[in-house]
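Keep the viewer open as you read.

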Amino acid sequence: MKIHEYQAKELLAAYGVPVPVGYLAETADEAYEAAKKFPQSVVKAQIHSGGRGKGGGVKLAKTPEEAKKIATDMIGMRLVTKQTGAEGKIVHKVLVTEATDIKKEYYLSIAVDNDTAGLVIIASGAGGTEIEETAAEHPELIVKEYVSVYEGFHNYEGIEVARKIGLPAELQKDFLAMLRNMTRLFIEKDCSLVEINPLVETADGKLIALDAKVNFDDNALMRHPDVVELRDIAEEDPKEVRASEFDLNYISLFGNIGCLVNGAGLAMATMDIIQKFGGSPANFLDVGGSATTERVTAAFEILLSDPNVKAIMVNIFGGIMKCDIIAEGIVAAANKIGISVPLVVRLEGTNVERGKEILKESGLNIIAAADMADAARLAVAAAK
Ligand code: ADP
Ligand code: MG
């Protein structure tokens, strides 16, 4: 789960990480009132995507009038950044914050490291909006230090990082406190990412988090009702929101073949085999082992609500999930909403004969596949 910058900053502040003072504004007048509190302010679009600075979503205002003008243009605009995709995101709120006199920008984050099954501190003395380019072209400027989740953060780990990114000695103490607090936040709230970019050294010699991104592990959200309250559904893909209501494991992708599969491993294999035959999946969808007819119907509705979907590939290996339940779901969905694109079905496993009968008796126009490869080949051809 993602949250907005202003929420991430509140969370970091609660953990003792210094952030600039700022106020959330939903109207231009609110932005004006907020900007009056600062000598100069920065107006920042609040969307769940980075790259806002380069996309025109972070602007300096020298006067409150200027802040009002910027907010007027920004609220309601469709902001396109490198991370939003071409369709962009509508800005509903802006953060009006104090303009900071920046001496130097650093990058600092904590992420999960799969190889060590622990945390990794990632830092750089070349922080700011060019960090992706820096990471690609000058990987030697990116510093990594591994931290145990069991032991938590040790000062010597932070001292190593501070030295490698060229942090001035007088800021080291604050830097170590910051890393300790970020690690505590990460572990206590089950985060998947805590990122500060830029972390700035100000002209008056302080360290402050000028931008913040905090992501959470969805599988741990049941332990954090306070975090769930920060969710902004307007920022999420409506298809994914709908899928979560039905406990479906669904992720939108960019292709044109809708996939309906049981089991995450088979769902990944299905996406691979579609690619192998020259197609491109529109989604990852695992209906799970205990799907009911209602869930399968909801899954079809979600697939069909995507205008990019030109064909659907159903790939079921019935174990716990029975093929007849899937077949009933397909028929129910077809009766309820009408399946408007070619539908390729591969069924195998428990109750497969009954499942095939149900589909046959339904009179639906279904392309039956002999096996998984056949299904992928047929779906790719049907989507063309
Ligand atoms: P994004 O990462 O989405 O581009 P940031 O918040 O990092 O957005 O802002 C981009 C750049 O704008 C920063 O690297 C920094 O140089 C500048 N900036 C952001 N906030 C402030 C601020 N409060 N004062 C001065 N400059 C800022
Ligand atoms: Mg940033």
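By class, the shell around ligand 1 has seven polar, six nonpolar and five charged residues. Here Ala, Val, Leu, Ile, Met, Phe, Trp, Tyr, Cys and Pro count as nonpolar, Asp, Glu, Lys and Arg as charged, and the others, Gly among them, as polar. Being near, for a residue, takes a heavy atom within 4 Å of the molecule. There are 18 residues around ligand 1, and Lys-44, Arg-52, Gly-53, Thr-100 and Glu-105 come nearest.

Before going on, a word on the model: it is predicted, so local features need pLDDT of at least 70 and side-chain atom pairs count only at pLDDT 80 or more, while totals for chains, interfaces and linings use all residues. Residues are numbered from 1 along each chain as its sequence is written, chains are lettered from A and ligands numbered from 1 in the order in which they are written, and side-chain values use heavy atoms, with hydrogens and water left out.

Now zoom in on the polar contacts (pairs of N or O atoms within 3.5 Å). Lys-44 puts a polar side-chain atom 2.6 Å from an oxygen atom of ligand 1.

Which elements give two or more residues to the shell? They are strands E2 (41–45), E6 (94–98), E7 (102–113) and E10 (191–202), plus helix H3 (52–55); helices (at least four residues) and strands (at least two) are DSSP runs, numbered from the N terminus.

Pro-198 is found in strand E10. Elsewhere, Ala-117 has a positive phi, near 50 degrees, and is found in the loop between E7 and strand E8 (118–124).

Note on methods: Polar contact = N/O pair within 3.5 Å; in protein donor to acceptor, adjacent residues only side chain to side chain.
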